[in-house]
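Trainee: I would like to learn how to read a model feature by feature. Can we work through one together?

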Amino acid sequence: SQITGIIPPSDIFGISDSAGTYTYYATLTLAMAAAVTGQTIEMFADVIETGAVTITLKDGVNINGNGHTYTLDTATTTTGFIDGGVSIIINLSNITLVRKGAGAGIMLGLSVAGNRIVGNSTFIKIESNGSTGIGTYGGAIYSGNITGFTVNCTGTSCTGISLVRGYIDNCSAVSTGTGIHTTIGDIINSYGESTGSGAGISGGGGGYISNCSGKSNTGYGISAGNPTYNSMGYSSGNYGIWFPNTPLYNCTGTSSSTYGIWGYGKTLSNCNAISSGGGALFIQNGTANNCTAYSTVNAAMNVFNATRVNNCTFTTLSNATVIYSIGATAGASMKNCTIINEWNSSSGHAIEANVNLSVVNCAVKVTNASANCLSASSAIIMKYANNSFEGATTPISANITQGIVNTQDNQGNILI
């Protein structure tokens, strides 16, 4: 039915013409079928759909909810809103989208790279188990761009936002599963949180993460599969930031149970790792430049294999500030670093090593005079030069043999 001028109780979607006169429709499906590019569909009451209703969005047709709620309450796996497999540019504003019922589905499904959907004061609430707030549907390999959405998933094992080859900007998602995820794509200016075991923010590769915050209860705060910039990750049950073979720049990872930052194979620059439940920073076969690490209960840094550490500061209140261990290979080094152990114990060594390591131009300090600045529990060879040692009666453990065998030349050079 279509009636102009007055809103009858059953017709709660309206489209205004150029003169400001509305035509009203009983369902959003009917309103969308009638709308053309440049028009806005408005809601004038809350709506609950109990059938398998999917709304196919149209390019240039916006939806203004006027503060109302659109609910899809179904036991099916129906996707609530889709792009229909074509590129669309639209705004969803002042509306709350709710997914309920026993069926696990997607509330807003995208499948085309050219999409650009802006959620201005748009909230998506997922109450059905296993559902997704915004996600790629239909096996598509592209998703498009979304901006400005707020997603809250309270159903069991829900995902806030999950896109394949998608671009996510200025969004917030709190979920029992993963908060925000892209398989290949960018995540910027966004907040993702998992109240369960998922990651707060997860990047799969082929894009980047920038200016984001990720938080998780038992998963990673940020799973940085992409190069990550200016971001913060926190976890109360796992790594604050996990970086598998991808670089981090100007990031902070914090954990109350284990490492603040853990990863391998790439470079960390200007990053901070903090832990109140374990070691602060773990690097394997990578490089750390201008970083800080602080732990209240364990080593500030664990360095494995051929890792290079430059211009960094490490502090702990417990075990050795830096532990260099398991399977390290030639070429691993620490240069121009500050290493401090504030634990007043004879076991409060600064650097604990069990394999070859070079330490050059570093300031190394312990609090207890019986602790070593350079320590080893068994006989090893280390290369160390031009360091300053503070606080230790015996700065170099008797188990350590100097590995530098040449004499400096007239210019002060020495082979490390």
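Trainee: Which residues form a nonpolar patch on the surface?

Mentor: Keep in mind that this is a predicted model. The patch consists of I274, Y294 and L317.

Trainee: Where is I274 found, and is I274 buried or partly exposed?

Mentor: I274 sits in strand 31, residues 272-275. Its relative accessible area is 34%, so I274 counts as partly exposed. Patch members need over 30%.

Trainee: Next, the overall fold. How many helices and strands does the protein have?

Mentor: The secondary structure comes to one helix and 47 strands. The radius of gyration is 28 Å, well over the 22 Å that the globule rule gives for 416 residues, so the protein is more spread out than a compact globule.

Trainee: What box do the C-alpha atoms fill?

Mentor: Roughly 95 × 40 × 35 Å, along the principal axes.

Trainee: What share of the residues is buried?

Mentor: Buried residues make up 53% of the 416. The accessible surface comes to about 16000 Å², and 48% of that belongs to carbon and sulfur atoms.

Trainee: And the contacts? What share comes from residues 24 or more positions apart?

Mentor: Take the contacts with a separation of 6 or more. Residues 24 or more positions apart account for 37% of them.

Trainee: Now backbone angles. What should I expect of phi?

Mentor: Most residues other than glycine have a negative phi.

Trainee: Which phi does N290 have, and where is N290 placed?

Mentor: N290 has a positive phi of about 55°, although it is not a glycine. N290 is in the loop between strand 33 (287-289) and strand 34 (292-295). N290 is partly exposed, with a relative accessible area of 41%.

Trainee: What about N311?

Mentor: N311 also shows a positive phi of about 55° without being a glycine. The loop here runs between strand 36 (308-310) and strand 37 (313-316). With a relative accessible area of 39%, N311 is partly exposed.

Trainee: On to charges. How many salt bridges does a search of the whole structure find?

Mentor: One. The side chains of E390 and K365 meet at 3.9 Å, N to O. The cut-off is 4 Å. E390 lies in strand 46 (residues 388-390) and K365 in strand 43 (residues 363-366), so the pair ties together parts that are 25 residues apart in sequence.

Trainee: Are E390 and K365 buried or partly exposed?

Mentor: Partly exposed. E390 has a relative accessible area of 46%, and K365 has 34%.

Trainee: Last, the rings. How many aromatic pairs does the structure hold?

Mentor: The structure holds 14. Among them is Y229 with Y249, a stacked pair: 5.1 Å centre to centre, with 10° between the planes. Planes under 30 degrees apart count as stacked.

Trainee: Which parts of the chain does this pair link?

Mentor: Distant ones, 20 residues apart. Y229 is in strand 24 (residues 228-229), and Y249 is in strand 27 (residues 248-249). Y229 is partly exposed at 32% relative accessible area. Y249 is partly exposed too, at 27%.

Trainee: Which residues form one aromatic cluster?

Mentor: Y220, Y239, W242, Y259, W262, Y264, F282 and F304.

Terms used:
Residues numbered from 1 in each chain as written. Predicted model: local features only at pLDDT ≥ 70, side-chain atom pairs only at ≥ 80, totals over all residues. Heavy atoms only, no water. Helix = DSSP H or I, 4+ residues; strand = E, 2+ residues; numbered from the N terminus. Buried < 20%, exposed > 50% of the residue type's maximum accessible area, 1.4 Å probe, protein only. Patch = residues over 30% accessible without salt bridge, like charges linked within 9 Å, V, L, I, M, F, W, Y side chains within 5 Å. Areas by Shrake-Rupley, 256 points an atom, 1.4 Å probe, with all protein chains shown as cover. Rg over C-alpha atoms; globule rule 2.2 N^0.38 Å. Contact = heavy atoms within 4.5 Å. Phe/Tyr/Trp six-rings, centres within 6.5 Å; stacked < 30°, edge-to-face > 60°.
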